[in-house]
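Student: Hello! Could you walk me through this structure, one question at a time?

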Amino acid sequence: MKSVREPAVAGMFYPEKKGDIKDQIKFLLEATKIDKVYDDIFGLIAPHAGYTYSGKTTAYAYNLIKDIDIENVILVSPSHREYFKGSCIFEGDAYKTPLGEIEINTDIRDTLVFKSETIFAGYKGHDQEHAIEVHLPFLQTVLKKFKLVPIIVGDQSLKYLDELVYKLAGINSEKTLVIASSDLSHFYTKKHADEMDSLIEENINSFDYNNLYQILSERTAEACGGGPIYILLKTAAIKGYLNSEVLYRNDSSEASGVTSEVVGYLSAVVYGK
């Protein structure tokens, strides 16, 4: 019997109706076009809040891959609702949004879990997690047909992150895109949030994943998907992609007007051998 992960946050984080999703994403993509061309894109970093708040930031990233020939998307996110050790790759057959089903690449999944003690196929974290789902309508809009490898990282200790890094580094990167899903600081004043989030931006722009992990561990800065960002950058470095650049950074006050407590967002690209 086919196992499909049904949409859990349609109507909350993004529109529920197919036409409304298409209209909103089209509007966001048209408002965030970038003239600069990035060669050999390996991965993207993008946020996972509601489209009202972070959709613009997300669109900057997805504009870069519009109509590019990508066959596989490996999407790595944190777990917001369930703690577990290691990384869980969805064991079912497909993820679904109101725009349709996306087939899981079982070959890549099987390769990643093979002889691993910390990467496993299952359903932990996937049931209600929004940090993967909110990316999918964007992907379904900018790409033609692709297969998905949805990975949720539970415990973000270095030993679990590095296990996934070395496994991902063994995957053929041709026509494969890796995405790290992450928001930044939560519920600080706009000024304080900017100070913290600028540190994340600096470390991404300098491609310094080791220092990024250190400042996150020390709580000098915050990113719920800091582990996935570290995984993306270190995997890219092993594969020979040594450039990363923040495309856009903002916070929730841009949409809400409230500056006393904000959530930070950024989008970035990892590219270029």
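Student: Is the crossing of α8 and α9 left-handed or right-handed?

Tutor: Before we start, this is a predicted model, in which local features need pLDDT of at least 70, side-chain atom pairs count only at pLDDT 80 or more, and totals for chains, interfaces and linings use all residues. Residues are numbered from 1 along each chain as its sequence is written, and side-chain values use heavy atoms, with hydrogens and water left out. Helices (DSSP runs of H or I, at least four residues) and strands (runs of E, at least two) are numbered from the N terminus. A crossing is left-handed if the near helix is turned anticlockwise from the far one by less than a right angle, and right-handed if clockwise; for α8 and α9 the crossing is left-handed.

Student: At what angle do helix α8 and helix α9 pack?

Tutor: Two packed helices are described by the angle between their axes and the distance between the axes. Axes are lines fitted to C-alpha atoms, for helices over the stretch in contact, and angles run from 0 to 180 degrees between N-to-C directions. Here α8 covers residues 209-217 and α9 covers residues 226-239, with axes 9 Å apart and an angle of about 165°. Angles under 35 degrees count as roughly parallel, 65 to 115 as roughly perpendicular, over 145 as roughly antiparallel and the rest as oblique, so α8 is roughly antiparallel to α9.

Student: Which residues in α9 does α8 meet?

Tutor: Contact means heavy atoms within 4.5 Å. From α8 come Tyr209, Asn210, Leu212, Tyr213 and Leu216, and they meet Gly226, Ile229, Tyr230, Leu233, Lys234 and Ala237 in α9.

Student: How many residues of each class are in the contact of α8 with α9?

Tutor: Ala, Val, Leu, Ile, Met, Phe, Trp, Tyr, Cys and Pro count as nonpolar, Asp, Glu, Lys and Arg as charged, and the others, Gly among them, as polar. Sorted that way, the contact of α8 with α9 has one charged, two polar and eight nonpolar residues.

Student: Where does Ile204 lie, and is it buried or exposed?

Tutor: Buried means under 20% relative accessible area, exposed over 50%, and partly exposed in between (1.4 Å probe, protein chains only). Ile204 is in helix α7, residues 190-205. Not counting residues up to four places away in sequence, Ile204 touches Ile45, Ile229, Ser244, Val246, Leu266 and Ala268. With a relative accessible area of 0%, Ile204 is buried.

Student: Which residues is Ser87 in contact with?

Tutor: Ser87 lies in strand β4, residues 87-90, and its relative accessible area of 1% makes it buried. Leaving aside neighbours within four places in sequence, Ser87 is in contact with Thr118, Ile119, Phe120, Ile151, Ile152, Val153 and Leu164.

Student: How many salt bridges does the count come to?

Tutor: A salt bridge is a side-chain nitrogen of Lys or Arg within 4 Å of a carboxyl oxygen of Asp or Glu. By this rule the count comes to 16.

Student: How many residues apart in sequence are the parts tied together by Glu6 and Lys96?

Tutor: Glu6 forms a salt bridge with Lys96, with the closest N and O atoms 3.9 Å apart. Glu6 lies in the loop between β1 (4-5) and α1 (18-30), while Lys96 is in strand β5 (residues 94-97), so the pair ties together parts whose separation in sequence is 90 residues.

Student: How far apart are the closest N and O atoms of Glu245 and Lys36?

Tutor: Glu245 sits in strand β11 (residues 243-251) and Lys36 in the loop between α1 and β2 (41-46), 209 residues apart. Glu245 is partly exposed at 24% relative accessibility, and Lys36 is partly exposed at 42%. In their salt bridge, the closest N and O atoms are apart by 2.8 Å.

Student: Which residues are joined with Lys175 into one network?

Tutor: The side chains of Glu71 and Lys175 meet in a salt bridge at 3.6 Å, N to O. This pair links distant parts of the chain, 104 residues apart. Salt bridges that share partners join Lys175 into one network with Asp69 and Glu71.

Student: What is the phi of Arg219?

Tutor: Most residues other than glycine have a negative phi. Arg219 is in the loop between α8 and α9 and is exposed, with a relative accessible area of 58%. Although Arg219 is not a glycine, its phi is positive, at about 65°.
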